[in-house]
Amino acid sequence: MSAAAPARNGMLLEVTDLTKHFPVKRGIVFERQVGEVKAVDGVSFSIPEGHTLGLVGESGSGKSTTGYCILQLMKPTSGSIRFLGKELTELDREDLRRMRREMQIVFQDPYSSLDPRMTVGNIVSEPLEVHGIGTRRGRRETVRRLLEVVGFNPNYTNRYPHEFSGGQRQRIGVARALALNPKLIVCDEPVSALDVSIQAQILNLLKDLQRDFGLTYLFISHDLAVVRTMADEIAVMNKGKLVEVGPAEQVYSNPADEYTKALFTAVPVPDPKRQRERKAERARMRLDRIAGI
């Protein structure tokens with residue numbers, strides 16, 4: 001495969017009319033398709049190099065499915081995914097394997113995303129081994145450097161994931177994602193399984209890594225406060241569709257879509273007066289919806 005072309009117009013990732021439909025089948029002996037679930041339905045967005053797009057929405061809105069389709073962990077039903085000037089949906093297996101060096105993922109659950117039978121050193125070095133990078137000694141040195149970068153003690157490379165806390169495990173996952181020096185990292189709810197104090201540490205780590213290594217993030221989350229901390233732009237998903245996309249502060253200060261407004265009013269605030277105002281706003285929105293039926 002030839003070297004990847006530079007991003008067009010500064011856009012590292014361009015997603016156009018992405019769809020992912022899952023068939024619904026019935027029948028025991030003779031299965032037949034009786035419908036389909038439109039998990040992702042005509043989603044389009046782009047991410048400039050070095051920026052963060054926050055993809056938000058409630059559970060089941062299609063956020064994670066979008067991320068998996070971009071990484072080709074799921075094959076999309078239709079649509080275009082251009083990354084580094086390459087159309088990912090048209091790459092053969094070998095070219096896609098090589099392209100995956102440039103895009104990695106940090107999973108939501110630091111407990112199930114790490115193989116409990118592998119040591120920390122083996123987990124972080126596995127991407128290097130899969131892609132045939134470096135010697136055994138060189139990989140060991142790389143693993144130690146990566147663990148230091150993410151704030152994890154490099155002397156623990158021979159220990160197993162169950163010996164560490166959730167925050168420490170997520171640092172291991174981040175180190176694994178960095179192993180191949182990727183340009184894009186999909187962060188799929190990377191802090192939702194962690195305590196609030198640990199969430200702040202991991203978010204600060206991700207921001208520092210972005211600054212130091214020029215990373216680009218697709219940051220998937222249902223937590224609006226977390227996304228506001230991380231994102232340059234925000235895309236709001238509802239039932240498989242994008243309902244609003246815009247600069248983070250603009251979306252927060254003046255949301256245009258009713259669904260986005262509803263998401264914001266659902267966020268708890270430690271102020272009784274604002275809580276009463278939000279309760280009144282939610283009641284008004286319910287009345288507006290009823291009047292529109």
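**View 1. Isoleucine 70, a buried residue of helix α1 in the predicted model.** Isoleucine 70 has a relative accessible area of 0%, and because buried residues are those under 20% relative accessible area, isoleucine 70 is classed as buried. The residue is found in helix α1, which comprises residues 63-70.

**View 2. The surroundings of isoleucine 70 beyond its neighbours in sequence.** When neighbours within four places in sequence are left aside, isoleucine 70 is in contact with Leu13, Val15 and Phe45, with Ile81, Leu88 and Met103, and also with Leu184 and Leu218. Serine 80 lies 10 residues from isoleucine 70 in sequence, and the C-alpha atoms of the two residues are 9.4 Å apart in space.

**View 3. Threonine 65, a buried residue in helix α1.** Threonine 65 is placed in helix α1, the helix in which isoleucine 70 is also found. Its relative accessible area is 14%, a value for which threonine 65 is likewise counted as buried. Apart from neighbours within four places in sequence, the contacts of threonine 65 are with Lys20, Phe22, Ala39, Val40 and Met74.

View 4. Of the contacts in the chain with a separation of 6 or more, 65% are between residues 24 or more positions apart. The chain exposes about 15500 Å², of which 49% is supplied by carbon and sulfur atoms.

Notes:
Residues are numbered from 1 along each chain as its sequence is written. This is a predicted model: local features need pLDDT of at least 70, side-chain atom pairs count only at pLDDT 80 or more; totals for chains, interfaces and linings use all residues. Side-chain values use heavy atoms; hydrogens and water are left out. Helices (H or I, at least four residues) and strands (E, at least two) are DSSP runs, numbered from the N terminus. Buried means under 20% relative accessible area, exposed over 50%, partly exposed in between (1.4 Å probe, protein chains only). Contact means heavy atoms within 4.5 Å. Accessible areas come from the Shrake-Rupley method with a 1.4 Å probe; for residues, only the protein chains shown count as cover.
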